[in-house]
Amino acid sequence: MSSQTVPDFSGHMLDLDEDEDLEVFSKNTSLADGSPLLSPMPNSPGSMINQYRLEEEEEEEQQCVNTKDLFITVDNPESQVTAIETFIMYRVVTKTTRSDFDSSEYEVRRRYQDFLWLRGRLEEAHPTLIVHPLPEKFVMKGMVERFNDDFIETRRKALHRFLNKIAQHPILSCSLHFKVFLTAQELQAHRKQGPGFLSRVGDTVRAVANSVRGLRSRPEEFTVMQEYVEDFNNKISSLNKVTQRIIKEQREYLDELGQYGPTYSQWAGSEEELAEPLKSVASCVESCSRETEDNVNHLSEVLVPALHEYVLCAETLKGVLRRRDNIQAEFEAKNEALASKKIDQEALKEEVEGLADRVELANNALKGDWSRWQDAMRTDLKSAFVSSAEKNVEYYEKCLAVWESFLLSQRTESSGERQGENAS
């Protein structure tokens with residue numbers, strides 16, 4: 001599938017008041033736990049940029065590669081057409097050194113619904129672990145053609161990242177469902193297994209009832225987490241919207257440059273005395289236009305996906321916290337019932353003890369996963385910010401060089417003309 005054209009989603013974004021978006025950052029530049037969203041800027045970003053490429057970070061990355069035992073690639077999307085639907089199948093190639101796999105390499109084909117099945121199974125088995133989000137079923141509101149090359153490539157990258165995030169997780173990567181997803185040639189039989197429709201409805205009803213009932217006393221650490229998530233969601237969502245708006249404005253600027261340069265070229269044809277400088281300006285505008293397009297594409301390919309991914313992560317975290325609360329609420333309800341009932345005490349007591357254990361396991365799982373998720377989030381966003389900063393420096397340096405070259409040529413030409421006049 002072709003991926004030459006970078007998808008422009010800016011036209012599908014909701015228009016929001018700029019002051020509203022920037023207000024999120026104006027009052028408080030740190031997250032709820034006191035950690036800054038961005039470090040203070042050095043006086044000269046260009047001269048300081050290489051400080052981010054520390055040897056320690058490179059060593060850590062190399063250690064991560066050395067300890068990795070699952071290598072997964074999602075590629076080769078192919079359109080499948082049946083009598084009732086059209087969908088895309090992706091090739092999933094897995095290479096592994098794990099002893100619990102029968103082979104060292106597997107190749108299967110999966111559609112988006114299969115990825116949804118995997119994520120659902122992981123959340124069912126581990127309700128308070130943070131399962132990385134999938135891309136939305138429809139990426140942006142107003143997207144008419146779901147199967148154009150840009151859409152497919154954007155989704156392919158997100159699916160690739162989803163599987164590799166799971167592969168890096170110390171618990172989720174060992175899930176039997178994950179292994180089946182990576183190795184089974186036919187997934188349909190496995191997808192039919194698991195809780196039936198009525199069981200899922202029952203779980204949903206219980207979750208709603210627990211939500212309505214509410215908690216008697218949520219532990220403080222999880223209240224702090226919830227506040228952090230709300231604050232993080234506000235900031236990352238605003239940053240995502242502002243970045244989308246910048247890209248939209250930059251593309252409009254590119255359209256203007258497309259008309260601006262040729263105007264100088266046309267003028268040069270009728271203004272003999274100014275022909276050379278006019279042609280030079282046209283050439284400079286064309287060069288800067290190419291650099292601007294390259295910079296905008298980089299924003300669309302690197303920064304926007306990272307920001308949008310963590311907008312989805314914020315929603316995932318909210319879901320995890322809700323599930324933890326529901327587990328605790330169910331325990332509290334049964335515990336209250338035990339205190340009020342005088343019959344069937346033993347059976348109810350056993351159930352309450354089981355729920356108490358479940359609450360403890362859920363809490364410990366979330367606390368353990370929370371720090372891991374924060375470390376990954378900060379690494380991912382820092383990488384996207386640094387890459388964008390480096391690209392900005394490169395962009396402005398190239399444009400500066402273009403216009404400096406123009407000025408030098410004009411000064412040289414003027415000097416030559418003055419020398420000729422003096423000689424005459």
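Is threonine 316 buried or exposed? At 10% relative accessibility, threonine 316 counts as buried, because the cut-off for buried is under 20%. Keep in mind that this is a predicted model. Here's a quick tour of a few spots to look at, starting with that threonine.

**Threonine 316 and its partner**
- You'll find threonine 316 in helix α10, which covers residues 275-340.
- The side chain of threonine 316 makes a polar contact of 3.1 Å with the side chain of arginine 119.

**Two residues in strand β1**
- Asparagine 76 sits in strand β1, made up of residues 70-81.
- The backbone is worth a look here: asparagine 76 isn't a glycine, yet its phi is positive, at about 50°.
- Most residues other than glycine have a negative phi.
- With a relative accessible area of 34%, asparagine 76 is partly exposed.
- Serine 79 belongs to strand β1 too, and its relative accessible area of 41% makes it partly exposed.
- Count along the sequence from serine 79 to arginine 111 and you get 32 residues, while in space their C-alpha atoms are 9.9 Å apart.

**A negative patch on the surface**
- Glu346, Glu350, Glu353, Asp357 and Glu360 come together on the surface as a patch of negative charge.
- One of them, glutamate 353, is part of helix α11, which runs over residues 345-423.
- Glutamate 353 has a relative accessible area of 45%, so it counts as partly exposed; that label goes to values between the 20% limit for buried and the 50% limit for exposed.

Terms used
Residues numbered from 1 in each chain as written. Predicted model: local features only at pLDDT ≥ 70, side-chain atom pairs only at ≥ 80, totals over all residues. Heavy atoms only, no water. Patch = residues over 30% accessible without salt bridge, like charges linked within 9 Å, V, L, I, M, F, W, Y side chains within 5 Å. Areas by Shrake-Rupley, 256 points an atom, 1.4 Å probe, with all protein chains shown as cover. Salt bridge = Lys/Arg side-chain N within 4 Å of Asp/Glu carboxyl O. Lys, Arg positive; Asp, Glu negative; His and termini not counted. Charge placed at Lys NZ, Arg CZ, Asp CG, Glu CD. Helix = DSSP H or I, 4+ residues; strand = E, 2+ residues; numbered from the N terminus. Buried < 20%, exposed > 50% of the residue type's maximum accessible area, 1.4 Å probe, protein only. Polar contact = N/O pair within 3.5 Å; in protein donor to acceptor, adjacent residues only side chain to side chain.
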